[in-house]
Amino acid sequence: MTTQFDNVTVLKKGNVYFDGKCVSHTVIFADGTKKTLGVILPSSLVFNTGAPEIMEINGGSCNVRLKGEDAWKTYAAGTSFNVPGDSSFEIEVTETVDYVCHFG
């Protein structure tokens with residue numbers, strides 16, 4: 001996992017979801033691809049996806065259950081999980097999560 005992104009544009013306006021429990025900023029790369037960098041506070045939330053996503057966990061800890069699955073899986077710093085497009089996932093954040101969301 002890379003520790004920085006070079007030569008990017010960062011949108012100033014934050015993306016605030018779930019009454020401030022999740023806050024991110026959009027990063028746009030020279031080739032037009034986008035990622036978001038954010039934080040999710042301890043909570044239980046459900047996210048819907050349009051495009052496929054890879055959620056890279058930089059810090060904190062959470063339990064995740066993908067749509068259609070019975071089992072919860074635990075993720076911590078240095079791990080990631082894939083979410084299909086046009087789907088959803090439940091997340092229980094047990095320790096504030098610092099993440100990067102890769103789209104596509």
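Predicted model: local features only at pLDDT ≥ 70, side-chain atom pairs only at ≥ 80, totals over all residues.

Student: Then how many bridges link β2 and β3, and in which sense do they pair?

Tutor: Strand β2, residues 15–17, pairs with β3 in the antiparallel sense over 3 bridges. Within this pairing, Asn-15 has Ser-24 of β3 as its bridge partner.

Student: What about the hairpin of β2 and β3, and which residue there takes a positive phi?

Tutor: There are 4 residues between the two strands, and Phe-18 takes a positive phi near 50°.

Student: Which other strands does β3 pair with?

Tutor: Strand β1, residues 8–10, runs antiparallel to β3 and is joined to it by 3 bridges; Val-8 there has Phe-29 as its partner. Strand β4, residues 34–40, also pairs with β3 in the antiparallel sense, over 7 bridges. In that pairing, Val-23 stands opposite Val-39.

Student: And the hairpin of β3 and β4: where is the positive phi?

Tutor: Gly-32 takes a positive phi near 95°, in a hairpin with 4 residues between the strands.

Student: Changing topic, how much space lies in the largest pocket?

Tutor: About 250 Å³. Its lining has 17 residues, and Tyr-17, Thr-36, Phe-47, Glu-53 and Phe-103 lie nearest the centre.

Student: Which strand gives the most to that lining?

Tutor: That is β9, with 4 residues.

Student: How does the lining divide by residue type?

Tutor: It divides into 9 nonpolar, 7 polar and 1 charged.

Key. Residues numbered from 1 in each chain as written. Heavy atoms only, no water. Pairing = 2+ DSSP bridges. 1 Å grid on protein atoms, 1.4 Å probe; cavity = no way out; pocket = protein on both sides within 12 Å on 5 of 7 lines; lining within 4 Å. Points joined across faces, edges and corners; volume = space filled by probe spheres on them. Nonpolar A, V, L, I, M, F, W, Y, C, P; charged D, E, K, R; others polar.
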